[in-house]
Amino acid sequence: YDSALARKLGADAYGMKAYVFVSLKTGPTKVTDKVKEDSLFAGHMHNIQRLADEGKLVVAGPFFENSAAYRGLFILNTPSLEEAQKLLETDPTIREKIFEVELSKWYGSAALGEYLPIHTK
């Protein structure tokens, strides 16, 4: 157990901390203009990268096709549902309601975000 690392990562005595788990689901907005759709999804990807660079987003990825209309997930590095909602409002696909979101507090390893520097390699 590395207590200095645990403190740096905001871990509790179990090496864990609170995050917000975000489920992205298909929203009510259907975009038929391909140029607009491409622009919105480019903004979505840019926003994901920005939040990861800021250390606010530790996991993101799409789901395979499924019957529940789930499209993807985020794990946000905040224990606050309010802060998570503000971060999500910076995503154009969420603002335009292409995606709807479900937020849940989640408890996981405080080291989760430590993989991000490796991911960029």
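This is a predicted model: local features need pLDDT of at least 70, side-chain atom pairs count only at pLDDT 80 or more; totals for chains, interfaces and linings use all residues.
## Basis

Local features need pLDDT of at least 70 and side-chain atom pairs count only at pLDDT 80 or more, while totals for chains, interfaces and linings use all residues. Residues are numbered from 1 along each chain as its sequence is written, and side-chain values use heavy atoms, with hydrogens and water left out.

## Helix 3

Helix 3 spans residues 81-88, and its buried residues are Ala84, Leu87 and Leu88. Buried means under 20% relative accessible area, exposed over 50%, and partly exposed in between (1.4 Å probe, protein chains only). Helices (H or I, at least four residues) and strands (E, at least two) are DSSP runs, numbered from the N terminus. Seen down the axis of helix 3, the buried residues fall within an arc of 95°, so they line one face; the arc is that of the directions from the helix axis to the C-beta atoms. The face turned away from this buried side carries the exposed residues Glu82 and Lys86.

The buried residues pack against strand 1 (16-26), helix 2 (34-53), strand 3 (70-76), helix 4 (92-95) and strand 4 (99-109), where contact means heavy atoms within 4.5 Å. At the N-terminal end, Ser80 caps helix 3, with a side-chain oxygen 3.2 Å from the backbone nitrogen of Glu82.

## Lys17

Lys17 is in strand 1. Lys17 is buried yet has no salt bridge (a side-chain nitrogen of Lys or Arg within 4 Å of a carboxyl oxygen of Asp or Glu). The nearest side chain of opposite charge, Glu114, is 8.5 Å away.

The side chain of Lys17 makes a polar contact with the side chain of Asn77 (2.7 Å). A polar contact is a pair of N or O atoms within 3.5 Å; within protein, one must be able to donate a hydrogen and the other to accept it, and residues adjacent in sequence count only if both atoms are side-chain atoms. A polar atom of the Lys17 side chain also lies 3.3 Å from the backbone oxygen of Leu9.

Terms used. Lys and Arg count as positive and Asp and Glu as negative; His and the chain ends are not counted.
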